[in-house]
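Biologist: Can you walk me through this model? I'd like to start with the surface.

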Amino acid sequence: MTNNPRCDVLIVEDDVIQCEAIAEYLGRAGLAVQMAHYGASALRQAAALQPRAALLEYYLPDTTGVELAGHLRAFLPETTIIMM
């Protein structure tokens with residue numbers, strides 16, 4: 001068992017307002033949500049939090065969602081990845 005905080009969904013979206021809206025919506029469903037706005041910060045958070053699911057925007061300022069998904073899949077094979 002790990003001491004990481006619970007994270008059901010990691011949302012990776014560079015539009016802060018849209019990211020917050022999605023997080024609020026998922027949070028109302030009782031999910032523990034974390035947000036990242038860049039691929040690099042998403043990787044750091046994913047390593048620390050080990051989210052059950054990652055909701056990725058395709059176009060990010062520093063990478064693409066596809067590239068990010070590949071990196072996430074390498075060290076979090078059980079995490080569900082959803083591209084938007």
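Biologist: Is Tyr 59 buried or exposed?

Modeller: Tyr 59 is exposed, with a relative accessible area of 61%. The classes are buried for under 20% relative accessible area, exposed for over 50% and partly exposed in between, with a 1.4 Å probe and protein chains only. This is a predicted model, so local features need pLDDT of at least 70 and side-chain atom pairs count only at pLDDT 80 or more, while totals for chains, interfaces and linings use all residues. Residues are numbered from 1 along each chain as its sequence is written, and side-chain values use heavy atoms, with hydrogens and water left out.

Biologist: And how exposed is Tyr 58?

Modeller: Tyr 58 is partly exposed, at 33% relative accessible area.

Biologist: How many aromatic pairs are there in the whole structure?

Modeller: A search of the whole structure gives one aromatic pair. It is Tyr 58 with Tyr 59: the ring centres are 4.7 Å apart and the planes sit at 80 degrees, so the pair is edge-to-face. The rule takes rings of Phe, Tyr and Trp (its six-membered ring) with centres within 6.5 Å; planes under 30 degrees apart are stacked, over 60 edge-to-face, and the rest tilted.

Biologist: Which residues form the nonpolar patch on the surface?

Modeller: Tyr 58, Tyr 59, Val 66 and Met 83 form it, with about 410 Å² of accessible area together. Patch members need over 30% relative accessible area and no salt bridge; nonpolar side chains (Val, Leu, Ile, Met, Phe, Trp, Tyr) are joined within 5 Å, like charges within 9 Å. Areas come from the Shrake-Rupley method with a 1.4 Å probe, and for residues only the protein chains shown count as cover.

Biologist: Where is Val 66?

Modeller: Val 66 is in helix H3, residues 65-75. Val 66 is partly exposed, at 48% relative accessible area.

Biologist: Switching to charges. How many salt bridges does the count come to?

Modeller: Three salt bridges. The rule asks for a side-chain nitrogen of Lys or Arg within 4 Å of a carboxyl oxygen of Asp or Glu.

Biologist: What does Asp 8 pair with?

Modeller: Asp 8 bridges to Arg 6, with the closest N and O atoms 2.4 Å apart. Asp 8 also bridges to Arg 52, at 2.8 Å between the closest N and O atoms. Arg 52 lies in the loop between helix H2 (39-49) and strand E3 (53-56), and Asp 8 in the segment before strand E1 (9-12), so this pair ties together parts that are 44 residues apart in sequence.

Biologist: Which of those residues are buried, and which exposed?

Modeller: Asp 8 is buried, at 4% relative accessibility. Arg 6 is exposed, at 53%. Arg 52 is exposed too, at 55%.

Biologist: What about Arg 28?

Modeller: Arg 28 forms a salt bridge with Glu 24, the closest N and O atoms being 3.2 Å apart. Arg 28 and Glu 24 are four residues apart in helix H1 (residues 16-28), so about one helical turn separates them. Arg 28 is exposed at 60%, and Glu 24 is exposed at 52%. As for networks, shared partners join Arg 6, Asp 8 and Arg 52 into one.

Biologist: Now the loop between E3 and H3. Is Leu 60 buried or exposed there?

Modeller: Leu 60 is in that loop and counts as buried, at 9% relative accessibility.

Biologist: What does Leu 60 touch?

Modeller: Leaving out residues up to four places away in sequence, Leu 60 touches Val 12, Glu 13, Asp 14, His 37, Gly 39 and Leu 68. Contact means heavy atoms within 4.5 Å. Leu 60 and Asp 15 are 45 residues apart in sequence, with 9.3 Å from C-alpha to C-alpha.

Biologist: Last topic, the overall fold. What pattern does the protein follow?

Modeller: Along the sequence the pattern is β-α-β-α-β-α-β, with three helices and four strands. These are DSSP runs numbered from the N terminus: helices (H or I) of at least four residues, strands (E) of at least two.

Biologist: How much is buried?

Modeller: Buried residues make up 39% of the 84 residues. The protein exposes about 5000 Å², and carbon and sulfur atoms supply 57% of that.
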